[in-house]
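Work through the exercises below with the structure in view. Each task is followed by its solution in steps.

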Amino acid sequence: MAVGSRLRHIIESQQFSRALLEELFVLADDMKSQPHRYAGRLKGQLMAALFYEPSTRTRLSFEAAMLRLGGRTMGTDNAREFSSAAKGETIEDTVRIVSGYSDVIVLRHYEEGAARRAAAVSSVPVINAGDGPGQHPTQALLDLYTIRDEIGHVDGIRIAMVGDLANGRTVRSLTYLLSKFRDIRVSFVAPSQVAMRQDIKDHLDEHRVPWTEAQDLDAVLPQVDVVYQTRIQKERFPDEASYLEVKGIYRIDARAMSMLQKTAIVMHPLPRVDEISPEIDSDPRAAYFRQARNGMYIRMALLDRVLS
Ligand code: CP
């Protein structure tokens, strides 16, 4: 995908080159500092949001991004229940229909691979807004943008990914992006039941990115620039008992913050449950609300590159 070219489907993080990432970040910077310049950019374009799983940030930041660029939106939340999926329609048939009504489809689905299946039959670009435990590439873009914004650079960072790494599509997508940068070191901190999957470790090995696995978060905290905390995803466990085995295992609170470097940051894709204590929200190192806001600017830049 050449720099300057129009983007088509956004399915996985691997499709972004470093040059394309830098270009998107520069555009997002400009949209953030001079939003009025872009107000009518996507006038006449229509975004369809098909969400088969719950969402606050992704759904509304895409909608805000499209509206701020002068476009319009339509869509269905809880599409499992409120679209014809409830009558047995396949994702392929739904996407064939909706691509005839819209200029871009933003799709969140509960099955890994759903976005790829949708793209295969769509006549308009499909943007993966999370496919089960698979990937969440636009979250990874905003995560990387936030690291660059907060730390000042991506090369050379040490990052701890913490929590439910087996089910966490955001950590999977972010790891793919980080492997495009230099001197990155990754620590996976997770209980064995939800350890990072082997395909991501193999990917890091192939790209010569050093990684370690740990279960002792306290030992890792003083060594990193970024703590990327994640929620234990109750909805992806086979039963309540296996969820309860790992629930609440890692918590970032005032005690944890005291072990963190003064220049480090705490990120989280959100929503949080109990893994970040609200007592640290006012700590300047708590970057997760700024991170969520960055999502709107990154999605503005992405929609612009897909539709302009
Ligand atoms: N980070 C994220 O995907 O949040 P939502 O589930 O609210 O969209």
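**Exercise 1.** Find the strands that helix 12 lies across.

Solution. Helix 12 (residues 288–307) lies across strand 1, strand 3 and strand 4, contact being heavy atoms within 4.5 Å. Helix 12 runs at about 130 degrees to strand 3; axes are lines fitted to C-alpha atoms, for helices over the stretch in contact, and angles run from 0 to 180 degrees between N-to-C directions. Helices (H or I, at least four residues) and strands (E, at least two) are DSSP runs, numbered from the N terminus. The model is predicted: local features need pLDDT of at least 70, side-chain atom pairs count only at pLDDT 80 or more, and totals for chains, interfaces and linings use all residues. Residues are numbered from 1 along each chain as its sequence is written, and side-chain values use heavy atoms, with hydrogens and water left out.

**Exercise 2.** State the order of the strands in the open sheet.

Solution. The order of the four strands is 2-1-3-4, with parallel pairing; two strands pair if DSSP finds at least two bridges between them. At the edges, strand 2 (72–76) and strand 4 (126–131) each pair on one side only. From one strand to the next, the twist averages 15 degrees.

**Exercise 3.** Describe how strand 1 and strand 3 pair.

Solution. Strand 1 (residues 46–51) and strand 3 (residues 104–109) are joined over five bridges in the parallel sense. Leu-50 has Leu-107 of strand 3 opposite.
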